Amino acid sequence: MYNPFKPLELIRAEVFTSMPPTYRKKGRSKWSDPNRQFAEVECFLEGPSFDRHGNLYITDIPFGRIFRITPQGEWDLVIRYEGWPNGLKFHKDGRIFVADYRLGLLLLDAKAGKIEPLLETAYSEGFKGLNDLHFAANGDLYFTDQGQTGIADPTGLVYRLKANGDLQRLINNIPSPNGITTNSTDKQVYVGATRSQQIWRLPIMQDGQISKTGVAVQLSGGVGGPDGIEMDAENGLLVCQLGVGIWRFNANMLPTHLVHSEDPRHHHLANVAFGGPEYKTIYITDSLSGDILTAEMPVAGKKIFGLS
């Protein structure tokens, strides 16, 4: 258990593929104006998730686009629609769930190029702005409702959509809930609280309720707090911190590794997904540059529901 704090092992990330020029055109949108302070952007990539064929799906929030990237790094536009897609995850039955900041929880049919609402409101009340989502092994879906919440407005929410269709509001006081995942037993839910620079731990009790919610990790520095998070097979937690890189914390939430890029353009390493033949390669979206980076981790990713 002793760590405090052993020297970090540094892992350098390299570019795997970049958004082709045909998809790049600087512009503004109703999402980018408030979230990027009226700056023109080419993209803002998030939501990496693999299908069973090794294709990587990613979202582009400001322009309502979802892309599929082949194992060879070739890009294909799956759909463009009037929404702001953020998180994306595969159900084990092949369905694609999308957390859309503007429209709620959606279902994407990639073959037909169609997207439709699954959950537009919670108890008839509109969402603040969905961000990310994660399936537990039993098919329960956890998702974050971030909106514009923060330290001055700590009203972000976490929901659980049970496999039987029941919707439960688990917590409603997080300052900017972002990435979300669970440990290997699904007894602990971890949530990135971006504006407070924290990772919250939500223990799941025997009756399915949460109790003794606390802070698992406290960060500092960077250009923003934690964004995407993911768990590895040893219950190590990967945390994307904007302006820094991707931390790996061990099961005791002590830092062991830091994935970084030496390219100064890569200051928005926002989300990760495990892939590769041994499931030890992380694929990283750099939101603003349009690059997808990779790095080799010491531990494979946790088995995920969509590929089980």
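Arginine 24 and glutamate 42 form a salt bridge, with their closest N and O atoms 2.7 Å apart; the term denotes a side-chain nitrogen of Lys or Arg within 4 Å of a carboxyl oxygen of Asp or Glu. Arginine 24 lies in the loop between β2 (14-18) and α1 (32-35), and glutamate 42 in the loop between α1 and β3 (45-50), so the pair ties together parts that are 18 residues apart in sequence. Helices (H or I, at least four residues) and strands (E, at least two) are DSSP runs, numbered from the N terminus. The model is predicted: local features need pLDDT of at least 70, side-chain atom pairs count only at pLDDT 80 or more, and totals for chains, interfaces and linings use all residues. Residues are numbered from 1 along each chain as its sequence is written, and side-chain values use heavy atoms, with hydrogens and water left out.

The whole structure contains 12 salt bridges. Among them, arginine 95 pairs with aspartate 93 at an N to O distance of 2.9 Å. Arginine 95 is partly exposed at 36% relative accessible area, and aspartate 93 is likewise partly exposed, at 46%.

A further salt bridge joins arginine 248 to glutamate 234, where the closest N and O atoms are 3.8 Å apart. Arginine 248 belongs to strand β23, whereas glutamate 234 is in the loop between β21 (226-231) and β22 (237-241), so the contact ties together parts that are 14 residues apart in sequence. Arginine 248 is buried, with a relative accessible area of 6%, while glutamate 234 is exposed, at 51%.

Most residues other than glycine have a negative phi. Methionine 253, although not a glycine, has a positive phi of about 60°. Methionine 253 is placed in the loop between β23 (245-249) and β24 (255-260) and is buried, with 7% relative accessible area. Tyrosine 279 also has a positive phi of about 60° without being a glycine. The loop between β25 (269-275) and β26 (281-286) holds tyrosine 279, which counts as buried at 18% relative accessibility.

Notes
Buried means under 20% relative accessible area, exposed over 50%, partly exposed in between (1.4 Å probe, protein chains only).
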